[in-house]
Amino acid sequence: MPFRRVAVVGAGMTRFMRRALETPKELAFYATRMALDSCELTLKDIDGVILGSAPDAFDGVHRKGEYLIDGAGAFRKPVMRGYVGGGTGVWAVIQGWYHVASGLFDTVLVVCEEKMSSCYPHPQGAFNAIFDHTLERPLGTNLLWIFALEMHRYMATYGITERDIALVSVKNKRNGLDHPCSHVAGNITVDDVLQSEVMAWPVKRLDVSPTSDGAVALVMACEEKARRITHKPVWVEGIGWCLDTSYWTNRDLAYPVYVEKAARMAYKMAGIVDPRKQIDIVEPYDPFDYKELHHLEGLGFARRGEAPDLIASGVANRDGDLPVTPSGGLLGVGNPIAAAGLMKVAEIFWQLRGEAGKRQVPGKPRRGLAQAWGDLMQVGTVVVLGI
Amino acid sequence: MPLRWTVNEFRGTPLRESDIPEGRVLSVRWDPNARYAWDAGIAIGRFLQGLKEGRILGVHCPSCRRTVVPPRIVCENCFRPLTQWVPLQDTGTVQTVSVCYVNWDASRRREPEFPAVIALDGASPGCGILHILGEVTPQTVRVGLRVRALWKPPQERTGAITDICYFRPL
Amino acid sequence: MLPLEKPQQVHRALAWQGEIPTYNIYTFGIAGERFFRELKEHGRFLGTRCPACHLLYVPPRIYCERCFASLEEWVEVPGRGTVFTFTLAYYDLDGRRLEHPDILALVRLEGAHGGVLHRLGEVEPGQVAIGMPVEAVLKPPQERRGSILDILYFRPTRR
């Protein structure tokens, strides 16, 4: 390979909260400091910093990357901020990877933060500006429309029911009970989901992740440094990303082809030909329950329209053959956009090191995948980690 | 030897919803007052002019042979300029639809609205636009429904997507 | 063109006019909450000290940006300092000409690292100079809300 091996060597995160007292900088500090402490490094050991954060409008700071830098350990260091909406959390890891893989840096911090609670009357209002200003927003759009429309298309194309989909929410909220950072976990039933308030049918309240405040940070290092830093480096084996057209009304909403392309890129790099057999844990992006299914299909873990079987059969449970979202995910832990995506990578890191506490999946998993998704339903970002 | 990662390290100070209005924590409010005039641009400008005249326009790509709507000045498949303007029908097929009970600010609506992606007749398969359905109920909307645009009277049209009031069943 | 000049002839372009109708409510964070509570309730300025880097942060922070230590040593600093730099603003936010310019200054408080951006008062524009000693004039206690506006302005130090 023309590039160096890169490992994740440390991770940290804050609690995810509906509304935090801390400023965005302070949240970033908690996560970053925890990540450094976890691998006994100090700022002096860090060559560069990658920041990931979704729209500035949430925090209400219109240079959010620069604003965050001192809390993210980036004081007088090379720092860069990437942004692909909800896909940002995994995209930040990809940027961390190529800054190290290329030989430019030996060690980097990857920090994602979101403080959505600052945005009033509701963070959805800021999201609304992702719609086309001339053709769509005059119709009185709201963010839920695109999810509802995509979910309905997915259901109609493959004959999937709301009940099939609700099982994802039940599983992830249950898994979230074991995550110490969760603010939305619970033991709920399929009927609870089906009977929860209809927001934009087929989307109901319990199909949706919340808005949250929080931050997550990782430390990444080149092979030589990684082996000195820890005896349990977790290697980045594959990365991939892809964006589909912004003309979302022209797309096949039933299948995320851009996720497939991102996954194929990552699989090729990792030498994976059969993801179902060669990957032990998956953390697909789950801002809505149907999205987890959508993404499992795009990632090649199930054929089109067949991901619900993985959930219904228990295969996707934490003790199943292919644990899916053992962290609890966005539905079960919380959804501070960019930080939520990075939390998924952190979960794979902890799981592969056997450090996931009550969430630990049995059987010593050796390889995991984290994926995020976002913008106008058009970006897929994928990272494969292994030990 | 690295420190063991323990659950006690997770930090954060959650607030209750009422802590801010009731003054238990300090806060400051900022109104960006950000107002915009979003230019329609070349392709959409012409599209809007078409709407004012009661026509829905698409563009045809001679290279990949797609006819797409909304129109654009470049084909994202072939990266060639698009210059062949094609009038489309004002009828189409519902690709997907929602029954929406919330507003942009997450407040509840008493009556639902019906946003839908409508694939227009005359455009390539699956090429749709976002609009609203009218004269339907939660029971009658479905994927595959055939619909037609209900236009505003010519004198009330302004060259906006809202020159079409909504799409209704054929 | 002045940076504050508004776009003209918007009506001639085919444009959809609208707004992003959100607003923000910011909390002050762990350090900010303590700093502004102290200012509101006792009229005192607090900073945090990093013993390793020999820095006194005012306004305070809970961490040192240089060594990333958690800062736990809170110290009171006097509400006076010197003008580090200043500007005379002759236009308001809407681009209107002001008869009396706003005097905006970065004030470095005594012994502190960093500074406070605020207005100067009780001084004529021609008298302001870099290095000038200034002191904070606070609102009466009952009017203070826990905000940067609890400081009315800084004025030349009275000896």
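**The largest pocket and chain B**

Q: Which residues lie nearest the centre of the largest pocket, and how many line it?
A: In this predicted model, 50 residues line the largest pocket, and those nearest its centre are Tyr67(A), Phe28(C), Phe36(C), Pro59(C) and Ile148(C).

Q: Which elements give two or more residues to that lining?
A: Chain A provides helix H1 (24-38) and helix H3 (64-68), and chain B provides strand S1 (27-30). From chain C come strand S2 (23-27), helix H1 (29-42) and strand S8 (116-119).

Q: And how much space lies in the largest pocket?
A: The largest pocket holds about 1700 Å³ of space.

Q: What is its lining like by class?
A: The lining of the largest pocket has 26 nonpolar residues, along with 12 polar and 12 charged ones.

Q: Turning to chain B, what does its secondary structure come to?
A: Chain B has 1 helix and 11 strands. Along the sequence, the pattern reads β-β-α-β-β-β-β-β-β-β-β-β.

Q: Why is chain B said to be more spread out than a compact globule?
A: Its radius of gyration is 23 Å, whereas the globule rule gives 15 Å for 170 residues; the value is well over the rule, so chain B is more spread out than a compact globule. The C-alpha trace of chain B spans about 65 × 50 × 35 Å along its principal axes.

Q: What share of chain B counts as buried?
A: Of its 170 residues, 45% count as buried. The accessible surface of chain B is about 8800 Å², and carbon and sulfur atoms account for 50% of that surface.

Q: What about contacts between residues 24 or more positions apart in chain B?
A: Such residues account for 51% of the chain B contacts that have a separation of 6 or more.

Note on methods:
Residues numbered from 1 in each chain as written. Chains lettered and ligands numbered in written order. Predicted model: local features only at pLDDT ≥ 70, side-chain atom pairs only at ≥ 80, totals over all residues. Heavy atoms only, no water. 1 Å grid on protein atoms, 1.4 Å probe; cavity = no way out; pocket = protein on both sides within 12 Å on 5 of 7 lines; lining within 4 Å. Points joined across faces, edges and corners; volume = space filled by probe spheres on them. Helix = DSSP H or I, 4+ residues; strand = E, 2+ residues; numbered from the N terminus. Nonpolar A, V, L, I, M, F, W, Y, C, P; charged D, E, K, R; others polar. Rg over C-alpha atoms; globule rule 2.2 N^0.38 Å. Buried < 20%, exposed > 50% of the residue type's maximum accessible area, 1.4 Å probe, protein only. Contact = heavy atoms within 4.5 Å. Areas by Shrake-Rupley, 256 points an atom, 1.4 Å probe, with all protein chains shown as cover.
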